[in-house]
Amino acid sequence: MSSTNMNLLTITTSILFCWMFFIILMERLFPYRKGLKFFREGFWVDLVWYTIIQSYFLKILIFDYIIQPINHSFDWSAYQFVKHWSVPVQVLFFLITHDFYIYWFHRFQHANKFLWRTHEAHHSGKEVDFLEGSRSHAVEIIINQTIEFLPIIVLGADPAVLPIKALLDAVFGMFIHANIDVKMGKWKYIFNSPELHLWHHANYQEVFHANFSTKFAFWDYLFGTAYFPGHKPGNERENWGLYYDFPKDYFLQHAFSIKRFDEKKLLRYKWFAWYYNLRPNILKKITHWIEDLEHSFMVENSSMTYRRTEQQENKEKNESYNHHSEHIK
Ligand SMILES: [Zn+2]
Ligand SMILES: [Zn+2]
């Protein structure tokens, strides 16, 4: 990787982290749904499995094993019409064309039984926040990111386009899922926001085939799928996520997309019960361990305060003695 690209990656990563902290702060200050915890249901699955582990492996699969071999097998030089455009124009071109594609693919996922299996995981969360956007089935990511990044590579776009595009994906992904009470006003016709996308995650019949946009909201207004009733969905569990039971574990979520099963019935098998309880047990152990650590820290702290008070008392005694003796002199 060239040093310019390295610098750009440092800049985009820094912007992303600043944006994430800003979104988290706004979620605490102006929540769309009140009472949603930071460590909400599914937080660790979304962070550890979807955001970190799945992203890491799928990035290698998509770029090294799908995009690069395709790029090397064909001569695309005749089609590299974007090459002479400026970087902002290239970014805008890929942003709009990809957003148009993703609107239709997303709409198709809601209409087609087979494709719904690759998308339902994204809708499974009952507590939606900035991290919810990361919960996407591996197949959905492979299809969408190949279609997103392959043209950027084969059409010979500037190397800066890729990290900028990836940054915009993450920025919008966090924003539209954030539990923030944003009032977009007239901007809601142009940019997607929690106002529209949180409705898409609500469990209501009337919105199941609506609000498909990702970045630009005008696709929904243009193709007649915008749903904006002017009030919020209910704050109960049944008002959010899927209308049917869905596994909470990363691997079981993927298995469920291939073959339906009833977790409660499978619990009679020892191996399943062991696996099913593994993650909650580990989390419970970590929580106990943190609590123990906190407790011992508090005990240590209070004994330190005690020691300090004792020392301070002695010091004060000495000082007053000195003062007194000075006075006598
Ligand atoms: Zn959807
Ligand atoms: Zn979403």
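## Helices H1 and H6

Leu8, Leu9, Thr12, Ile15, Leu16, Trp19, Met20 and Ile23 of helix H1 meet Pro163, Ile164, Leu167, Ala170, Val171, Met174 and Phe175 of helix H6; two residues are in contact if their C-beta atoms, placed from the backbone, lie within 7 Å. By class, this contact has 14 nonpolar residues, 1 polar residue and no charged ones (Ala, Val, Leu, Ile, Met, Phe, Trp, Tyr, Cys and Pro count as nonpolar, Asp, Glu, Lys and Arg as charged, and the others, Gly among them, as polar). Helices are DSSP runs (H or I, at least four residues), numbered from the N terminus.

H1 spans residues 3-29 and H6 residues 161-177; their axes come within 10 Å and cross at roughly 5°. H1 is therefore roughly parallel to H6. Axes are lines fitted to C-alpha atoms, for helices over the stretch in contact, and angles run from 0 to 180 degrees between N-to-C directions. Angles under 35 degrees count as roughly parallel, over 145 as roughly antiparallel, 65 to 115 as roughly perpendicular and the rest as oblique.

## Basis of the model

This is a predicted model, in which local features need pLDDT of at least 70 and side-chain atom pairs count only at pLDDT 80 or more, while totals for chains, interfaces and linings use all residues. Residues are numbered from 1 along each chain as its sequence is written, and chains are lettered from A and ligands numbered from 1 in the order in which they are written.

## Helix H3 and its surroundings

Helix H3 has 25 residues and reaches 36 Å from its first C-alpha to its last, close to the expected 36 Å (1.5 Å times one less than the number of residues). Its buried residues are Gln90, Val91, Phe94, His98, Tyr103, His106 and Gln109. A residue is buried if 20 or more other C-beta atoms lie within 10 Å of its own, exposed if 12 or fewer, and partly exposed in between. The cover over the buried residues of H3 includes helix H4 (113-116), H5, H6 and helix H8 (218-222).

H3 (residues 87-111) packs against H5 (residues 138-154) at an angle of about 155°, with the axes 11 Å apart. This angle makes H3 roughly antiparallel to H5. Phe94, His98, Tyr101, Ile102 and Phe105 of H3 make the contact with Asn144, Ile147, Glu148, Pro151 and Ile152 of H5. By class, the contact has 7 nonpolar, 2 polar and 1 charged residues.

Between H3 and H6 the angle is about 50° and the axes are 10 Å apart, which means that H3 is oblique to H6. This crossing is also right-handed. Here Val87, Gln90, Val91, Phe94 and Leu95 of H3 meet Val161, Ile164, Lys165 and Leu168 of H6.

## The loop between H7 and H8

Asn211 lies in the loop between helix H7 (194-200) and H8. Most residues other than glycine have a negative phi. Asn211, although not a glycine, has a positive phi of about 55°. Asn211 counts as buried because it has 24 C-beta neighbours inside 10 Å.

Ala217 is found in the loop between H7 and H8 and is buried, with 26 other C-beta atoms within 10 Å. Ala217 and Lys188 are 29 residues apart in sequence, yet their C-alpha atoms are 6.7 Å apart in space. Not counting residues up to four places away in sequence, Ala217 touches Lys188, Tyr189, Ile190, Phe191, Asn192 and Leu196.

Definitions and conventions
Helix = DSSP H or I, 4+ residues; strand = E, 2+ residues; numbered from the N terminus. Left-handed = near helix turned anticlockwise from the far one by under 90°.
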